[in-house]
Amino acid sequence: MTKEEIFISVDIESSGPIPGEYSMLSLGACVVGETEKGFYIELKPLNDNYIQGAIDACHLNMETLKTKGAEPNKAMKDFEQWIQRVSQEKRPVFVAFNATFDWMFVCYYFHRFLGHNPFGISGLDLKAYYMGMTHCSWSETTKRRIDKRFLSPSKHTHNALDDAIEQANIFEKFLNYKNQKNNLCLSKPQTSPGQ
């Protein structure tokens, strides 16, 4: 049995390079093709560990988040409920630009705090998608090197929702390009067997 898919662009900001030892500090998401359907939350850190460069990049304050950030279990429950609301009967597909980074934090937090991940066991990486679509080298998949026609008008701000919208815009352009090349339709995503 196959389900229609919905692509959800996700971005996170963290206190360091790996989950568990470091914390996810903010999470933003939006629906590809309907970026006005967005989600944003800031989280209480798991511990005091941080890399100064990570904090400088996201402009979040660890001490402020300790008192004003959402408890991680509530944040992940709220995110799951938002995913269910926007997905309805469709299968949600996690999308990110360098999904390997954002995915590991989101997957870790879902399993640690809810015991499951509504995205399943996989995510779609836009760098890999672009490489397959254009047959370029891996080094040509950075935002500085991809074809300018695919870039988003949104700026990369290191605000998780802003960056999720930027990624969604890029992926929508990828899909529209594929539509032109292969006569596919963004409004009727291709279905695939379950994992």
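Predicted model: local features only at pLDDT ≥ 70, side-chain atom pairs only at ≥ 80, totals over all residues.
A residue counts as buried when its relative accessible area is under 20%.

A pair of aromatic rings is described by the distance of the centres and the angle of the planes. For F39 and W82, the ring centres are 5.9 Å apart and the planes meet at 40 degrees, so this pair is tilted. F39 and W82 are both buried.

Helix α3 also contributes F79 to a pair with F119, which lies in the loop between α4 (99–114) and β5 (123–125); the pair therefore ties together parts that are 40 residues apart in sequence. The centres of the F79 and F119 rings lie 6.2 Å apart, and because their planes are at 55 degrees, this pair is tilted. By the criterion stated at the outset, F79 is buried, and F119 is buried as well.

Beyond these pairs, one aromatic cluster is formed by F7, Y129, Y130, F150, F171, F174 and Y177.

Aromatic rings also face charged side chains. The charged end of K127 sits over the ring of W138, at 4.7 Å from the centre of that ring. K143, in turn, lies over the face of F97, where the distance to the ring centre is 4.9 Å.

Conventions. Residues numbered from 1 in each chain as written. Heavy atoms only, no water. Phe/Tyr/Trp six-rings, centres within 6.5 Å; stacked < 30°, edge-to-face > 60°. Buried < 20%, exposed > 50% of the residue type's maximum accessible area, 1.4 Å probe, protein only. Helix = DSSP H or I, 4+ residues; strand = E, 2+ residues; numbered from the N terminus. Lys NZ or Arg CZ within 6 Å of the ring centre and 35° of its normal.
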